[in-house]
Amino acid sequence: MALKPFIAPGARVALRSKPANPRIAGGRGEAEVILDISRLLSRSFHPAPTGIDRVEYVYARELLERMPDRLAFAAVHPAGGYYGRLNGGAVRQFLAFTAARWRNARDMDQKEGRAAVIRQLIALRPRPVPRATGPRIYLQVSPHHLDDYGQVGAILRAEGAKFVTLVHDVIPLSHPEFARPQGAEEHRKRLRAIDSFADGIIGNSQATIDALAPHLTRPLDQRAVRVAHFGSDPVDIADGDTRKVPDRPYFIYISTIEPRKNHLLLLNIWRRLVEEMGDAAPVLVLVGRRGWENENVVDMLERGEILRGHVIEAGQVSDSEMQALTRHARAMLMPSFVEGFGMPVVEALTAGVPVICSDIVAHREVGGDAPDYLDPLDGMGWMRAIRAYGREGSPERAVQMERIATWSPPTWRDYFDIVEDILEEVTASVP
């Protein structure tokens, strides 16, 4: 998700054609919206963001533009306990600092370092919760501290607020074999809090909402529910930081290295490609940090001599580097077994880059007819597709490029129209 920079107060912005919802952004009886940014604060010292980090950032950015007079920020302290309200001006500066750091992670680390992050956190200066003068909605879009049922309840009581939350996936419960050892139990606790407190639920896909429903005791039709597909910011005209772009044809996979992402399939394919093609084999670039329970994958990356020079583990990179790596790739590969959404699919297609991805419900929902879909267990099919797309003048690749030209990407504007709609519905339910 390439992020456009945060717009500081006073800067000129393009006006939206759709007026802000009067129940949310002005007039009498409108709701105060309190956005929880605990996740961003807890990840302050990480130079590169996860997908969930990016989503929380975009919520802050977009809601500040749409409803600046009725938006407040709150967080749970990284060490535990409710921070309360955060200084609004300091939050704006923190968001600007965070976006700049993500765009140029390497340079920002050298110039600023940990001391700059600490200064940003100190400046946030938590404040007591003010007395409510109207309806309030507490909006949380990450799973941070949702596993603490008591704390969630205490926050909502302190704020006197209705609760709206975003659900990213239910994978730790639907596919516990792909989660951390305690992942299923932690997610079960999160869903208990959502089930008990959520007046509104936003799903990043219909696949996520369908997977969520069996785990709730209160049916979905007894609360406000919306499906909203994450948008993708326009790709900058400039190519970005090309320092890590290989000088040979290459494919890219953007994902944390974890079992459900199916990296092992690609590494075995690349071993076979190198055995058969030698230096004529394409390069595989892996973007993302190492996750958990990856012994076989790590062994191949660290001890697989035949893959050296042919598989590049780029790790966590800046937004500028990731944008350049994506735009020059022969295709984005995404052979994962299960997803809640599949943001790299949307981002690659938005950038005009072909996608070869696993044939799963979430990918079909967001990719439509544009990508080439393959069973995540079909190793020979993946090898054939990679060979075909790697050739200069590939007809298979050209055909997908034609499909991409007619594909309509989801936009953040449409996404936040849906968010405003659910906030309106929850506001209307306040006595």
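## Helix α12

In helix α12 (residues 295-303), the buried residues include V297, V298, M300 and L301; buried means under 20% relative accessible area and exposed over 50%, with a 1.4 Å probe and protein chains only. Because these residues cover an arc of only 160 degrees around the axis, they lie on the same side of α12; the arc is that of the directions from the helix axis to the C-beta atoms. Exposed E295, N296 and R303 sit on the face turned away from the buried side.

The buried residues of α12 pack against α11 (263-277), β9 (283-287) and β10 (311-315), where contact means heavy atoms within 4.5 Å. Helices (H or I, at least four residues) and strands (E, at least two) are DSSP runs, numbered from the N terminus.

## Basis of the model

The model is predicted: local features need pLDDT of at least 70, side-chain atom pairs count only at pLDDT 80 or more, and totals for chains, interfaces and linings use all residues. Residues are numbered from 1 along each chain as its sequence is written, and side-chain values use heavy atoms, leaving out hydrogens and water.

## Helices α7 and α9

Helix α7 (residues 149-159) packs with helix α9 (residues 183-197) at an angle of about 30 degrees, their axes 9 Å apart. The two are therefore roughly parallel to each other, a term for angles under 35 degrees. On the α7 side, Y149, V152, G153 and L156 make the contact, and on the α9 side R192, A193, S196 and F197.

## Helices α3 and α4

The axes of α3 (residues 51-66) and α4 (residues 88-103) come within 11 Å and cross at roughly 135 degrees.

Definitions and conventions:
Axes fitted to C-alpha atoms, helices over the stretch in contact; angles between N-to-C directions. Parallel < 35°, antiparallel > 145°, perpendicular 65-115°, else oblique.
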